[in-house]
Amino acid sequence: MTAQSFDKQSSVSRLNKNWLDRSQIDIEQLIALLSNRIDKPAVPLASDLVQQVPVYNAKTLRNRLAEELSGDFLKALQSEWKWVWESGPGILVIQGAFYDELTMDQVNQVFAELIKLEKDSGLAAGDHFAKPGANNRVWNALEKLCLYKPQLFARYYSNELLAYAAEAWLGPAYQITSQVNCVNPGGMAQVAHRDYHLGFMTPEHAERYPEQVHRLSPLLTLQCAIAQVDMPLESGPTLYLPHSQKYAQGYLLADYKPFHDYFAKHRIQIPLKRGDLVMFNPALIHAAGSNTSKDIQRLANLLQISSAFGRSLESVDRLTMSKALYPELAELKATGELSEIEIDCAIAACAEGYPFPTNLDLDPPIGGLAPPSQAAHFRTALSENWSAEQFNAKIDLQAQWRG
C-alpha cells in the first residue's frame, strides 16, 4: 500500500467518524449500554436508589449544608450530581425541594389564571411531543410569573438546591426558562425523545451536525421538572430510560420503531409528591406519561436551565423582569424574609448573568476581564441600597450597549 493510498483511506476513516447517521443505529448495542446498573454505594449522598434513580432528601441536604463550614459537602454533592447526569443513570430526584406550601399554592393559582387567560384569549399553546389538546401549556412562564407577581417569583425561585444543581452542571451565570405543563385526565403519553438542543430537530437535521456537537449539546442544558401537585402513577409522571444519555446515536432515534418498542417495555416511572424536583441530562430519553386518572390535573413547571455559553430555549425579557423584581427583592432583603443566598438565587433566576455580547467601546471591562453583567448590577444595587429609579437607569443604559 502506498503512502498516498494510506492517507486517502485514513482521511475517509476520519471523515466517517466525524458524522453520525441512522445507518449506524444498533439496537443491540443500545440494549447492552442500557443494561448498565449502579448500586447505592455509587451515590453515597442519596437517601435511596429507586429503579436506578438516585433520590435525595431536601431536608437532609439543607441540614448538612447549614452545618458545613468548609464547603466540602457542597462540592461533594455537586460532584455526585454531575457524575449521575453524565456517567450514571442520567437522572435524580430531590424530594421536598420546594417545601413552602403557601408559596406553592400561590404559584399554582397564578399558573391556573395564566392558563385560563390564554385559553379565553384563544392563544393556542402547542406541544413539542404530544398531540394538541392533550395538555395546557404556558410558554415563558418564568417571565409571566415575574411580571404578574414579582415577590412570589422571588420566594419561589430563591431555592438554593436548584441553584447548586444548575451550577454543578453549567457553572455560574446560567439562564432559566420555564414552561408550565398541565396534562389533563385522558391526556396521552408523549413520544419518547431527547430535549434541547439537538432533540428539537428531526433526525435528518441532527445528522448534519458533526459527532462532537452531539456530545456537546447535552452539556449546555439541565432539564428539570418541579411537581406542582402530587403525581401518582395513574396521573402519568414522566417515563425515563436510565443511562440512555450515553448512547451516541440517541438524537437520531426519533423515527426508529425498534427503539420505541424497546422504550415502551423498559422505561421506568416514579410517582412524585408536590414539591419534588426531578433533574436530568437533556439527552436522557424520556416522555411524559398518559394521564389515566379521572380527576388529576398533572401540573408541572418544566425548566430548561441553559449555560451562559449557549442559547436558551425561550426569548425572555430579563430587562423588564429585573425592573419588576428589584423593589420587591429590596423589600424582602430589608425585612429579612430572604437570606443573602436566597436573594442571590432569585437574581440568578431573573437577570442576565453573562456580560456579553456588548459594545466594548461604551461598556469597557474596567478593573477586570469583563464589564458587569445585569445580575452584577442587580447585586450592587441591593448592596448599596439604590432606588428603583437608579437601578432602572443603569440597566436601561446597559441594554442600549448590548443592542
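**Close-up views of a predicted model**

**Figure 1. Overall fold of the chain.** The chain contains 15 helices and 11 strands, and the coordinates come from a predicted model rather than from an experiment. Along the principal axes, the C-alpha trace extends over about 75 × 60 × 50 Å. The radius of gyration of the chain is 22 Å, which agrees with the value near 22 Å that a compact globule of 403 residues would have. Buried residues account for 50% of the 403 residues, and, among the contacts with a separation of 6 or more, 83% are made by residues 24 or more positions apart.

**Figure 2. The largest cavity and its lining.** The model holds four cavities of 30 Å³ or more, and the largest cavity, shown here, has a volume of about 320 Å³. This cavity is lined by 29 residues, and those closest to its centre are Asn181, Gln190, Thr238, Ala288 and Leu302. Two or more lining residues are contributed by each of the strands E5 (175–183), E6 (221–227), E9 (277–280) and E11 (298–306). Sorted by class, the lining of the largest cavity consists of 17 nonpolar, nine polar and three charged residues.

**Figure 3. The largest pocket and its lining.** The largest pocket has a volume of about 470 Å³, and 22 residues line it, with Gln175, Val316, Arg318, Glu352 and Arg402 lying nearest its centre. Helix H12 (318–335) and helix H15 (388–402) are the elements that give two or more residues to this lining. The largest share, four residues, is supplied by H15. By class, the lining of the largest pocket is made up of eight nonpolar, nine polar and five charged residues.

**Figure 4. Serine 322 and its surroundings.** Serine 322 belongs to helix H12, and it is buried, with a relative accessible area of 0%. When neighbours within four places in sequence are left aside, the contacts of serine 322 are Cys350, Ala351, Gln374, Phe378, Phe391 and Ile395.

**Figure 5. Cysteines without a disulfide.** The count of disulfides in the model comes to zero. Cysteine 146 is in no disulfide, and the nearest cysteine sulfur, that of cysteine 350, is 4.3 Å away, whereas a disulfide would call for a pair of cysteine sulfur atoms within 2.5 Å. Cysteine 146 is also buried, with a relative accessible area of 0%. For cysteine 345, the closest cysteine sulfur is likewise in cysteine 350, but the distance is 13 Å and therefore too far for a bond. Cysteine 345 counts as buried because its relative accessibility is 7%.

**Figure 6. Two cis peptide bonds.** The peptide bond from tyrosine 196 to histidine 197 is cis, with an omega near 10 degrees, and histidine 197 sits in the loop between E5 and helix H9 (203–206). A cis peptide bond also joins phenylalanine 356 and proline 357, where omega is about -5 degrees. Proline 357 is placed in the loop that runs between helix H13 (340–350) and helix H14 (374–383).

Figure 7. Most residues other than glycine have a negative phi. Asparagine 140, although not a glycine, has a positive phi near 50 degrees, and this residue lies in the loop between strand E4 (135–138) and helix H6 (141–148). Since its relative accessibility is 12%, asparagine 140 counts as buried. Alanine 173, which is not a glycine either, has a positive phi of about 65 degrees and lies in the loop between helix H8 (160–170) and E5. With a relative accessibility of 23%, alanine 173 counts as partly exposed.

Key:
Residues numbered from 1 in each chain as written. Predicted model: local features only at pLDDT ≥ 70, side-chain atom pairs only at ≥ 80, totals over all residues. Heavy atoms only, no water. 1 Å grid on protein atoms, 1.4 Å probe; cavity = no way out; pocket = protein on both sides within 12 Å on 5 of 7 lines; lining within 4 Å. Points joined across faces, edges and corners; volume = space filled by probe spheres on them. Nonpolar A, V, L, I, M, F, W, Y, C, P; charged D, E, K, R; others polar. Buried < 20%, exposed > 50% of the residue type's maximum accessible area, 1.4 Å probe, protein only. Rg over C-alpha atoms; globule rule 2.2 N^0.38 Å. Contact = heavy atoms within 4.5 Å.
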